Amino acid sequence: MNDKQHTVKAPVTVRGIGLHTGVEATMTFCPAPVGHGYKFQRIDLPGEPIVDADVDNVVDLSRGTTIEQNGARINTVEHTLAALVGLQLDNVLIKLSGPEPPIMDGSSAEFIKALHTVGFEEQNALRNYYVIPDTIRYVDNARGVELAALPLSDYRLTVMVDYNSPVLGSQHATLTDINQFESEIASSRTFCFLHELEYLYKSNLIKGGDLSNAIVVVDRAVGEDELDELAAMLGKPKVSVKKEGILNNVDLRHKNEPARHKLLDIVGDLALVGRPLKGQILAARPGHAANVAFAKKIKKKMLEDRTSPVPFYDPAREPVMDINRIMQVLPHRYPFLLLDKVIHLDSQMVTAVKNITMNEPFFQGHFPGNPVMPGVMQIEAMAQTGGILVMNTVPDPENYWQYFLGIENARFRKKVLPGDTIIFHCVLTAPIKRGIAKMKGQAFVNGKVVCDAEMSAAIVRKDNV
């Protein structure tokens, strides 16, 4: 799995008809900055409103996942999002000229093919993985549905479907490595049963459905008269049934293509939690309603863990900012530069690391026989960490100064000694207004809080000083 965030190198457009709305639309994948995530934009509506790909924005689950925000609705987002997750893209703005992404061939393959034509760009930020901490489970006993997320240092999915059908029977699909999504899962097309077709049409759905973009499973005997009616409904001169029960002689791309498509749907629906996942996903008889309910449980746990007091630090992982990059952002220099590296940075929070050694200049005079890092130096290092965060909000940080304005409720809870690794974590507590940032900072050693404080800082253009 990728460590760094990625976006597309240039805009790329696909065109086609929406599966359920039947509306012709163009969809353009556009580059986006670090921390942007997935967002749709309805460029056909006044004001071109943005819709975040967020599980809290789901408003309808009729045969697909529909999201809505700012008065704009996007139907059937799961195949598009699955393509982005499968390619491990993090930041993409998806401009759409209609209410629904093109269905293409009913899979994610055409989206992936288009994205490859422009290529991908690595960004200077680590991927903000959510690592499943313990088992998260969703169960619907009435429908025999169960989904579970288990801790794992990778992203793997296993799906079991059982439609009580002589044609499909019980099927399994497994993805052991997200890098295999493109070759093993992406080409699997959407499907429905023959008995669902008439209902879907009467429900004003699948207006863009076609035998070229969906598999229709025929699980009962069908007479010529009914086939003629189906042909008229689908706008075809004639339809037929293959021996294995697939309408119009469509060849399956995989023996278990329906199960693989269900896995594709889960990948797309779980993208709505807002962060790439690390975990083992197990799903029995999933559907969009269950997927979204499950995604909401994962997001709830994720938000609870976001306030967890101990940031995760892996010293072997490449930092977001090394000391050279830090010196490009902060004006401080030895002996007053008190950070070694930044391990996480987004629009709301930052985490930085300082390795404390006996060679720190302040130990020469601060209790030489019993060296303890001065509390004021801990606050200064925390303020520098916050400075990284606020400077990340301006497009040209080299043209700004940052000034420490205030500190409240500072507490020093444990001694910091030579040999300790201290982790500083700052979170914005309110939106930045008029260049003033308010944040909460904490410092940790060995998983314990050693210092915390509420701080405020100002960012001022150098030409205004």
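1. Starting with the E6/E7 pair in this predicted model: strand E6 (residues 58–60) and strand E7 (residues 66–69) run antiparallel and are joined by two bridges. Aspartate 60 has threonine 66 in E7 as its bridge partner. The two strands make a hairpin with five residues between them. If you check the turn, look at arginine 63, where phi is positive at about 65°.

2. Past the end of H1 comes glutamine 88, with another positive phi, near 55°.

3. Proline 258 deserves a brief stop. It is placed in helix H6 (residues 257–270). Buried or exposed? Proline 258 counts as buried because its relative accessibility is 2%, and the cut-off for buried is under 20%.

4. Now the six-stranded sheet. It is open, with antiparallel pairing, and the strand order is E19-E20-E22-E23-E24-E21. Strand E19 (341–345) and E21 are the edges, each pairing on one side only. Between neighbouring strands of the sheet the average turn is 25°, direction ignored.

5. Which strand does E21 pair with over 10 bridges? That is strand E24 (residues 448–461), in the antiparallel sense. In this pairing, glutamine 402 stands opposite isoleucine 459 of E24.

6. Helix H9 (residues 375–391) lies across the sheet strands, namely E19, strand E20 (349–355), E21, strand E22 (421–428), strand E23 (436–445) and E24. Relative to E21, the helix runs at about 135°.

7. E21 is also where I'd look for surface features. Trp401, Tyr403, Leu405 and Ile436 make a nonpolar surface patch of about 340 Å². The largest share, three residues, comes from E21 (residues 400–412). In a regular strand, side chains alternate between the two faces of the sheet. Tyrosine 403 is one of the patch residues and lies in E21. Its relative accessibility is 37%, which means that tyrosine 403 counts as partly exposed.

8. Some whole-chain numbers for the file. There are nine helices and 24 strands. Of the 465 residues in the chain, 53% are buried. Among contacts with a separation of 6 or more, 70% are between residues 24 or more positions apart. The accessible surface comes to about 21000 Å², and carbon and sulfur atoms account for 50% of that.

Definitions and conventions: Residues numbered from 1 in each chain as written. Predicted model: local features only at pLDDT ≥ 70, side-chain atom pairs only at ≥ 80, totals over all residues. Heavy atoms only, no water. Patch = residues over 30% accessible without salt bridge, like charges linked within 9 Å, V, L, I, M, F, W, Y side chains within 5 Å. Areas by Shrake-Rupley, 256 points an atom, 1.4 Å probe, with all protein chains shown as cover. Salt bridge = Lys/Arg side-chain N within 4 Å of Asp/Glu carboxyl O. Helix = DSSP H or I, 4+ residues; strand = E, 2+ residues; numbered from the N terminus. Buried < 20%, exposed > 50% of the residue type's maximum accessible area, 1.4 Å probe, protein only. Contact = heavy atoms within 4.5 Å. Pairing = 2+ DSSP bridges. Axes fitted to C-alpha atoms, helices over the stretch in contact; angles between N-to-C directions.
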